[in-house]
Amino acid sequence: MTIGISTYLIYLAISVALTIWVARTLHKNGRVFLVDVFHGNDALADSVNHLLVVGFYLINFGYVTLALKLGYAVTSAEQSIEALSVKVGMVLLVLGGMHFFNLFIFSRMRRRSVQHNQPPPIAPDAFTAVRQEA
Amino acid sequence: MFSLTVLYDPECGLCRRAHEWLAEQSKIVELNFVPCASDEARRRYPQLNHDLTKQDLTVVGDDGGVYFGPKAWLMVLWSLVRYRDWAYRLASPELLPTTKRVVSMISQNRYQIGRVTGLNRLTR
């Protein structure tokens, strides 16, 4: 096995492991948020949670796959480590970006659901008698 | 609160257009539209000053709370799924004076706005 092939394989191993770790963290800790958003409807929360994680995997594995190519020959261990640092660094940044985007979605969903039960923003000017519908 | 009654001015094109737009929006709180100072309005709210409701938009909650002018607009926004956060934002102490000024200006000039934009003729 040449050093170039090993570099690619190490890159794939690290990227895939990182993606799985982040996705699992998101899956495990996002559930609480979603259950709250959907007012304790566990089935719906689990479903949305799962769908979000699938999207997360698709985008990240897509990026990892597209970014695989180095474009130059790696001949020494030194070059290999340098190449890995750039590639894995990019994967980490993309994962970080995706992660915060997911958090943003969670918090927005939660804010919306909390607002549904909030009182009017202003007090009425007066009160009047209401004749009930016949 | 589960429903709001909107006492709107049936003579104004802008209000009718707003009414159509509101009918399409998804709501958290149900909106009932009743022309202001109509028999129906007087039947529902026998103690309300109906001459006043002709001057500006009035919203009455199912608890009898009366919201007049800019407050009525905010309550209508508050009833909509997509605009509830805007209602809170516009009702915040920093923005409320501006909200009131802008809404009053639109409200007082609603016939002119309707005429300029052709809305008065459109639905007649």
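Which residues does A:Val64 touch, not counting residues up to four places away in sequence? In this predicted model, A:Val64 touches A:Ser15, A:Thr19 and A:Val91 once those sequence neighbours are set aside. A:Val64 is found in helix α2 of chain A.

The contact between A:Val64 and A:Val91 belongs to the packing of two helices of chain A, α2(A) and α3(A). Helix α2(A) covers residues 42–66 and helix α3(A) covers residues 77–115. Their axes come within 10 Å and cross at roughly 160°. Angles over 145 degrees count as roughly antiparallel, and α2(A) and α3(A) are therefore roughly antiparallel to each other. The crossing in which α2(A) passes α3(A) is right-handed. On the side of α2(A), the contact is made by A:Leu52, A:Phe56, A:Ile59, A:Asn60, A:Tyr63 and A:Val64. These residues meet A:Val91, A:Val94, A:Leu95, A:Met98 and A:Asn102 in α3(A). By class, the residues of this contact divide into nine nonpolar, two polar and no charged.

Between the chains, 13 residues of chain A are in contact with 25 residues of chain B. On the side of chain B that touches chain A, two or more residues each come from α2, β3, β4, α4 (70–78) and α5 (84–90) of chain B. The residues on that side comprise 15 nonpolar, four polar and six charged.

Strand pairing also links the two chains. Strand β1 of chain A (residues 126–127) is joined by two bridges to strand β4 of chain B (residues 65–68), and the two strands run antiparallel. Within this pairing, A:Ala126 has B:Val66 as its bridge partner in β4(B), and A:Phe127 stands opposite B:Gly65. Strand β4(B) also pairs with β3(B) (residues 58–61), in the antiparallel sense and over three bridges. In that pairing B:Val66 stands opposite B:Val60. The hairpin of β3(B) and β4(B) has three residues between the strands. In this hairpin B:Gly64 takes a positive phi near 90°.

Most residues other than glycine have a negative phi. A:His39, which is not a glycine, has a positive phi of about 50°. A:His39 is placed in the loop between α1 (3–37) and α2 of chain A. A:His39 has 11 other C-beta atoms within 10 Å; the limit for an exposed residue is 12 or fewer, so A:His39 counts as exposed. In chain B, the phi of B:Ala37 is positive, near 60°. The loop that holds B:Ala37 lies between β2 (30–35) and α2 (39–44) of chain B. B:Ala37 has 19 C-beta neighbours inside 10 Å and is therefore partly exposed.

Notes: Residues numbered from 1 in each chain as written. Chains lettered and ligands numbered in written order. Predicted model: local features only at pLDDT ≥ 70, side-chain atom pairs only at ≥ 80, totals over all residues. Axes fitted to C-alpha atoms, helices over the stretch in contact; angles between N-to-C directions. Helix = DSSP H or I, 4+ residues; strand = E, 2+ residues; numbered from the N terminus. Parallel < 35°, antiparallel > 145°, perpendicular 65-115°, else oblique. Left-handed = near helix turned anticlockwise from the far one by under 90°. Contact = placed C-beta atoms within 7 Å. Nonpolar A, V, L, I, M, F, W, Y, C, P; charged D, E, K, R; others polar. Pairing = 2+ DSSP bridges. Buried ≥ 20, exposed ≤ 12 C-beta atoms within 10 Å, placed from the backbone.
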